[in-house]
Each structure stands twice: as structure tokens, then as C-alpha cells.
Amino acid sequence: MKQFLVFIRKEFFHVFRDKRTLLIMFGLPLVQIVLFGFALTSEVKNITLTVIDNSRDLNSRQLTDKIKSSSYFVVNESNIDYNDVLKLFKKNEAKCALIFPSRFGDDLKHNGKAQIQILTDGSDPNTAKTVVNYISNITSAYQQEISNGKPLEYVITPEPRMLYNEEGNGSLNFIPGVMALVLMIVSTALTSVSVVKEKELGTMEILLVSPFKPLMVLISKAVPYLILSLLNIIMILVLAVFVLDVTIKGSIILLFLESMLFIITCLSLGLMISNTTNSQQTALLLSMMGMMLPTMIFTGFMFPLENMPKVFQWISNIIPSRWYFLIIKAVMLKGLGFGYVWKETLILFGMTVLTLTIALKNFKTRLS
Amino acid sequence: MADKVITCKNLTKKFGDFYAVHNISFDVSQGEIFGFLGANGAGKTTAMRILCGLSYPTSGEASVAGFDVYTQQERIKQNIGYMSQKFSLYENLTVLENITFFGGVYGVPAAQLKERSRQLIAKLGLTNEAKKLVASLPLGWKQKLAFSVAIFHEPKIVFLDEPTGGVDPVTRRQFWDMIYEAAANGITVFVTTHYMDEAEYCDRVTIMVDGKVEALDSPGNLKSRFDVTSMDEVFYRLARNAVRSGD
């Protein structure tokens with residue numbers, strides 16, 4: 001036990017004296033939270049909309065004003081014609097345009113229907129779709145308003161509610177994702193590098209020749225990173241709550257227990273990697289490419305898994321972070337208890353046992 | 001003759017069809033400086049790993065400090081020290097922290113640890129450097145410190161795997177003074193080396209060629225047997241017919 005403590009103390013010295021490790025460990029989550037929270041938002045705001053009003057009547061004015069008063073658009077009214085608009089698109093000076101035909105108001109009054117054209121830059125499909133949605137919504141609201149006196153015969157007003165996230169706060173989805181990603185990096189990459197580093201230095205041999213049991217060497221290597229990863233989780237949660245206004249709905253204890261399970265999975269993956277390589281570079285590359293990339297792609301927090309081809313959906317099932325992400329989302333955002341996530345937990349637990357067994361077996365066979 | 005602390009009888013280690021160590025037999029007495037020579041790939045490291053309890057032999061018998069290499073690896077580890085050619089202290093730990101760490105891992109009682117670390121640092125003349133990172137020490141000092149750490153827990157036997165690689169001649173000489181001192185205190189020294197002048201410092205040497213022990217005697221006897229003036233020539237006579245080379 002005393003040997004164990006001596007070892008752990010030494011491991012903390014390593015971490016706190018290496019600026020690079022510290023930076024990866026505590027700088028990375030910070031950067032990711034800020035990036036995902038503020039820079040990589042999928043909401044579209046203050047987009048410049050070029051309005052070409054060929055009709056200049058009451059209705060076209062009113063509709064333009066409606067659009068102006070929304071926070072989504074900065075309206076730029078101009079007298080240019082259709083061809084000039086296309087030039088603006090080519091020069092990347094316009095992303096979207098709204099064109100009223102010359103008889104817009106008349107058509108509306110006499111025929112009861114009229115048309116407007118929305119032009120968007122399809123090379124950026126996400127923004128384009130969002131813009132079309134916004135304008136359509138504003139238009140249909142306006143349509144209802146002007147038909148007030150003589151009600152439409154059938155009106156269906158959808159009243160959407162986004163459950164668990166009524167304000168549409170984008171942070172809610174990526175916080176669990178960032179947690180999975182950061183744990184993957186800290187636990188897998190740093191653990192594998194720290195074990196391989198000892199091999200490179202030759203200190204691993206000294207440790208294996210010592211009366212300290214090989215298994216204990218591995219465990220004492222892993223424990224400091226387990227502790228540091230838990231600190232990381234706390235940091236991410238604090239940032240999420242106080243900077244990004246995320247409310248944690250479920251049990252914090254459950255959150256930590258599930259996180260611990262996932263950390264152990266990552267640690268075993270890290271140990272597995274360190275068993276297969278003798279250079280720090282390879283270890284780092286393996287954990288970055290082999291672990292981080294699948295985590296980003298197959299976890300479901302950046303790209304919806306449902307839209308992927310079946311093959312990729314199957315692959316996603318063997319990625320541990322996918323299950324962790326589901327669990328954390330359920331507990332943190334929906335406030336669900338263990339009763340709702342036991343299946344995912346069981347899968348994650350199975351994966352943990354499997355990776356840990358392989359890592360330890362491998363370590364032993366390499367010794368003899 | 002003093003007690004035998006290492007005995008090997010027909011020790012063999014096979015990797016597939018390859019005999020890394022082929023039927024070697026020798027004994028090492030307590031307090032002896034035993035040189036283990038051979039070209040790269042001759043099987044020195046494999047033999048040493050077996051004796052350190054890091055791997056199992058394929059056949060044959062061997063015991064270290066009275067413990068069997070097949071069944072008592074853990075007991076062996078409690079009685080040996082080890083230092084390898086790769087530098088083996090932690091660079092970003094201080095001198096004192098390194099001593100405390102390895103002392104702790106090798107089971108030096110906590111009550112003695114503090115006082116003995118202080119003595120060791122004073123003896124090495126590192127009192128002013130005790131709180132400095134090992135990375136800041138010159139290589140020669142690091143090697144001496146590594147050796148001191150390897151025998152800090154007072155093992156019966158210390159295994160040195162090419163301990164003086166890359167060290168200047170003056171420091172090498174000082175290093176050998178430390179080895180003599182350890183041997184005088186009753187610690188058996190088992191050392192592999194490439195430097196033939198170092199072989200002259202050993203009480204007895206074995207020369208391994210292609211996994212086999214080709215010669216085993218004191219340097220003086222070996223030189224007269226081959227009728228040459230230096231160990232360098234003894235080694236050349238034996239090793240020039242080697243089939244294997246390199247790692």
C-alpha cells in the first residue's frame with residue numbers, strides 16, 4: 001500500500017511538471033466548451049437579406065417590415081434587378097435574397113394568392129434551409145394576419161415544443177459530447193503516452209524488476225488519470241452550468257458513477273494501446289486517430305446517427321462513447337434515473353470488462 | 001569459496017526454433033564482480049532477463065539468491081537491484097524524489113528512508129542539487145546516481161546492463177570505483193559490457209557467442225590461455241567466428 005502511494009505521488013509530479021500534459025488536460029476542455037458554445041453554433045442570426053421590391057405596395061412593405069423586425073435578418077433593400085442579385089451571390093456579397101414580383105399586392109387582393117421568390121446560396125445548405133424556414137414562417141404569420149376579417153376556412157396552426165430544451169439552447173446537445181471527447185483524450189491518450197514514455201526511458205524495466213507487482217504498476221499508472229478525469233468532469237459541468245446556462249436535471253451522483261465507468265473504459269483502451277507500441281508518437285497518433293475521430297463521428301453529437309448508412313450505424317454500436325453520450329444525455333438533460341439507462345450502462349460495462357481483460361492479458365503475455 | 005548466489009545449469013531459452021540462450025552453465029559467488037561479455041545478439045540480455053525474473057527459461061535450471069527462476073520470481077525481485085543501459089531515473093523528478101520513489105518501490109522502510117537518502121546525497125556530493133530536477137544533472141552524475149539508486153535497498157545482487165554506455169572515460173573510472181565499493185560491501189555485481197578495458201576490472205568474465213558460453217575464467221587466465229596481451233584480443237579470437245550479429 002505504501003508503495004502504491006509512493007507511485008501515485010510520483011505520477012502526479014509527472015503531470016504537474018509537464019506543461020504540455022497540463023495544457024491538454026485542462027486547456028483542451030476549456031477551449032472545446034468555448035468553441036462549441038460560442039463559435040460552432042448552428043443558429044443563424046443577423047444574416048443580410050437583400051430585398052428587391054418590384055411591387056412597392058402596402059403588402060410588400062408590410063411583409064418587409066415584419067422580416068426587418070425579426071432578429072434573424074438585417075434587411076438590405078435595393079433597386080437592382082435579378083441579374084445583379086446573381087452577381088452579388090457570385091461575389092459572395094449576398095447569401096439570400098427575397099424578390100417581390102411587380103404585381104404582388106394586386107395579385108393578393110384580386111386573386112387571393114401571390115408569389116414571392118426566395119434565393120439562397122445552396123453551397124451552404126444548412127444556412128440556406130434555415131433562411132427558407134425563417135422567411136416561410138414570417139410569411140405565413142403575415143398571411144394569417146391579413147386574412148383576419150375573413151377567416152380562412154381551414155387553419156392548422158402547429159404549436160411546436162422542443163421537449164427537454166424549450167429555448168432551443170444548442171449547448172445542451174454538445175456538453176455531453178464534449179464530456180465524452182475530453183475523457184477519451186485525457187484518459188486514453190495521456191495514459192497510453194505515460195506508459196509508453198516509461199518504456200522509452202527504460203524506467204519501465206526498472207519497475208518490472210522491482211518487487212512491485214506488474215499489475216500494480218498498471219493500476220498505479222491508471223489511478224492518477226482517473227482522478228484527473230473526474231476533476232475534468234467537474235470543470236466541464238461547472239462551465240456548462242455557469243457559462244452556458246445548462247441545467248443538470250438528473251442525479252449528479254449517477255452522472256459521476258456513469259462517468260467513472262466510461263473513464264475506466266478509456267483507461268483500458270489507453271493501456272491496450274500502450275501494450276502494442278513502444279513509441280510515444282505512435283501511441284499519441286493511435287489514440288488521436290483511432291479514438292478521437294470515431295468519437296467525433298460515431299457518437300452522434302455532431303452528426304445524427306439516424307441519417308447514416310446502415311453499415312455506419314452498426315459500427316457506431318461498438319464505439320463506447322456512443323453509449324456514454326446516450327446515458328449522459330438522458331441523465332443530465334432529461335433528468336432520467338438509472339431505470340431508464342440500465343441497458344446502455346450494461347453495454348458500456350460489458351465493453352469495459354472486455355477492454356480491461358484484453359489490456360491486462362496483453363500486458364502479461366508481453367512480459368514472459 | 002564463498003556462497004554461490006547465482007547458479008545456472010544448462011539454461012536454455014528458445015524463441016521458436018531460435019536458441020537465444022543455448023545450454024549455458026555458470027556460478028557466481030557472493031561479492032564477485034562477474035563480467036558478462038558478448039557481441040550484440042549473443043544472448044546476454046535474454047540471459048540477464050531470466051536471472052532478473054523478467055522471463056522464464058525454456059529448459060535448464062537457475063537460481064538467484066537461492067530462489068528458483070521458475071517458481072520464485074517475486075522473491076528474486078526482492079533481492080536484486082537493476083540498472084540498464086537506457087538511463088533509468090525520472091528526469092522531471094528531483095534527485096531526492098527519485099531516491100525516495102525507488103526506495104519506496106523497492107521496499108526500503110519509511111523510517112529509514114529519510115536518513116539514508118540524506119546520507120546518500122551527502123556521499124555523492126549532491127547536497128546542493130538534492131532539490132534540482134535530475135534533467136539538469138550532467139550524464140555522468142546521472143549514471144552514478146542511477147547506480148546508487150539501484151543498490152539503495154541493499155540487494156544481494158545488482159545487475160548492470162551496459163551501465164557505462166556513452167559516458168566519458170574519467171566518469172567510467174569513477175563508476176567502477178563505485179562498483180568495487182559495492183562488491184567490497186558484499187554485493188555481487190553482474191555486469192554486461194562492450195568495453196574490453198572494463199572486462200579487465202572484473203574478477204571473472206564469461207564470453208558469450210551465438211547463445212553459448214565460449215569462455216569463463218579470470219581475465220588473467222584467459223589472456224594466458226589464448227597467449228595474448230589484452231582482453232580485446234581474447235574477445236576477438238572468440239567472437240570473430242560468430243554467425244549472429246546485430247540485434
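## Helix pair in chain B

Helices (H or I, at least four residues) and strands (E, at least two) are DSSP runs, numbered from the N terminus. This is a predicted model, in which local features need pLDDT of at least 70, side-chain atom pairs count only at pLDDT 80 or more, and totals for chains, interfaces and linings use all residues. Residues are numbered from 1 along each chain as its sequence is written, and chains are lettered from A in the order in which they are written.

In chain B, helix H5 (residues 139–150) packs against helix H6 (residues 169–184) at an angle of about 15°, and their axes are 10 Å apart. Axes are lines fitted to C-alpha atoms, for helices over the stretch in contact, and angles run from 0 to 180 degrees between N-to-C directions. H5(B) and H6(B) are therefore roughly parallel (angles under 35 degrees; 65 to 115 count as roughly perpendicular, over 145 as roughly antiparallel, the rest as oblique).

B:Gly140, B:Gln143, B:Lys144 and B:Phe147 of H5(B) meet B:Thr171, B:Gln174, B:Phe175 and B:Met178 of H6(B) (contact: C-beta atoms, placed from the backbone, within 7 Å). These residues comprise 3 nonpolar, 4 polar and 1 charged (Ala, Val, Leu, Ile, Met, Phe, Trp, Tyr, Cys and Pro count as nonpolar, Asp, Glu, Lys and Arg as charged, the others, Gly among them, as polar).

## Helix pair in chain A

Helix H3 (residues 58–69) and helix H5 (residues 104–111) of chain A pack at about 110°, with axes 7 Å apart. H3(A) and H5(A) are therefore roughly perpendicular to each other.

## Contact between the chains

Chain B contributes 23 residues and chain A 22 residues. On the chain B side, H3(B) gives the most, with 4 residues.

Technical notes
Two residues are in contact if their C-beta atoms, placed from the backbone, lie within 7 Å.
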